[in-house]
Amino acid sequence: MTRIRFDNPFSAPGRWWKGNLHCHTRRSDGELTPEETARRYRALGYDFLAITDHLRILEPFEPPKGLLVVPGAEVHTVAGDPPRAWHFVSLGTKAPVEGAMGPMEPLLENVRKNSEFWWLAHPNWSNLAEDDLLDVPGLATTEVYNSVCERAIARGYSQAAWDRALAGRKCLNALAVDDTHVAGEIGCGWIMLRAERLTLETLYDALRRGQWYATNGPEIHDVRLAGSLVSVRTSAARAISFVARSPDGKRFAAKEGRSIETAEYEIKGTEIYLRIEVEDSDGRRAFTNPIYIDDPDASGSHGGDAP
């Protein structure tokens with residue numbers, strides 16, 4: 001019997017909150033002060049912002065009204081043969097963490113121990129092989145889109161690494177982020193998070209449960225699961241794709257000069273996972289977190305933390 005596991009944020013109580021979880025300020029290698037960075041995000045309608053300067057925990061400051069500022073840090077090391085960059089972003093960081101030119105594992109252990117929530121940043125930019133994500137203990141979240149990496153060297157999208165890990169039965173959610181360093185990079189990648197109210201406690205809880213979708217433009221209005229039928233309703237799109245382990249899945253494309261806003265997919269039971277990806281007429285994309293089929297954690301193979 002096919003088992004389907006999906007903690008669906010679209011049917012959860014509460015409302016949607018807009019936020020960016022990865023940005024830098026003048027306290028590391030950014031252009032703006034934390035205060036100015038926060039002001040600009042709030043002016044664009046953001047509800048929360050994580051300031052994650054390199055190797056620095058955010059010092060408290062007075063944010064603009066209506067913006068929840070989340071303390072965090074980005075830490076890194078370069079390790080492996082050939083060398084690869086391992087960047088981890090930590091929220092609610094409880095103790096100082098340092099970058100190193102040594103093994104990834106000690107750094108990761110420190111991050112896991114001292115974070116309320118953490119993830120692996122920009123795997124495509126970091127030259128991580130697709131199987132590398134399978135070997136990160138406890139990894140439950142990565143970045144599927146990083147605006148700065150895309151603008152700088154066209155390596156901001158990381159669907160290939162994400163899908164390979166999911167096909168390898170790792171439970172893995174994904175974020176879209178700005179990774180802001182200068183003013184012109186603000187507002188290009190974000191998540192829509194579902195919660196009844198917005199505090200640090202409720203934000204961390206929603207993140208741990210995967211209660212968001214990621215986007216750099218399109219909106220996902222609703223996802224419904226009725227038995228084995230998955231339906232989605234979106235903003236105007238030129239394509240809606242149900243992505244699964246090959247050869248399963250299906251792409252629905254609009255006719256030339258037109259758009260679509262709904263699509264349906266019947267789960268067969270062989271997919272392992274199913275995620276929805278929406279593409280608009282400008283090539284911008286939105287991503288749901290995965291629906292898990294036949295419970296990947298039960299396989300005992302590379303299972304990450306439950307999303």
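**Note on a predicted 307-residue model**

1. Burial. Of the 307 residues of the protein, 56% count as buried. Buried here means under 20% relative accessible area, exposed means over 50%, and partly exposed lies in between (1.4 Å probe, protein chains only). This is a predicted model, in which local features need pLDDT of at least 70 and side-chain atom pairs count only at pLDDT 80 or more, while totals for chains, interfaces and linings use all residues. Residues are numbered from 1 along each chain as its sequence is written, and side-chain values use heavy atoms, with hydrogens and water left out.

2. Overall form. The protein has five helices and 18 strands. These are DSSP runs numbered from the N terminus: helices are H or I with at least four residues, strands are E with at least two. For 307 residues, a compact globule would have a radius of gyration near 19 Å; the protein has 19 Å, so the two agree. That radius is taken over C-alpha atoms, and the globule rule is 2.2 Å times the number of residues to the power 0.38. Along the principal axes, the C-alpha atoms fill a box of roughly 50 × 40 × 35 Å.

3. Contacts. Contact means heavy atoms within 4.5 Å. Take the contacts between residues at least 6 apart in sequence: 64% of them join residues at least 24 apart.

4. Helix α4. This helix covers residues 159-167, and its buried residues are Q159, A161, W162, D163, A165 and L166. They pack against β7 (141-146), β8 (173-177), β13 (239-244), β16 (273-279), β17 (285-288) and β18 (291-293). Just after α4, R169 takes a positive phi of about 70°.

5. Helix α5. Here the span is residues 200-208, with T202, L203, Y204, A206 and L207 buried. Partners of these buried residues are β3 (48-51), β4 (68-79), β5 (84-91), β6, β9 (190-195) and β10 (212-215). G210 follows α5, and its phi is positive, near 75°.

6. Backbone points to check. Most residues other than glycine have a negative phi, and most peptide bonds are trans. L55 is not a glycine, yet has a positive phi of about 60°. L55 sits in the loop between β3 and β4 and is partly exposed, at 39% relative accessible area. H122, also not a glycine, has a positive phi of about 25°. H122 lies in the loop between β6 and β7 and is buried, at 3%. S246 and P247 are joined by a cis peptide bond, with omega about 10°. P247 is in the loop between β13 and β14 (249-253).

7. D132. This residue is in the loop between β6 (117-120) and β7. D132 is buried, with a relative accessible area of 10%. Leaving aside neighbours within four places in sequence, D132 is in contact with R84 and W86.

8. Cysteines. The structure holds zero disulfides, a disulfide being a pair of cysteine sulfur atoms within 2.5 Å. C188 is in no disulfide either; its nearest cysteine sulfur, that of C23, is 12 Å away. C149 is buried at 4% relative accessible area, and C188 counts as buried at 19%.
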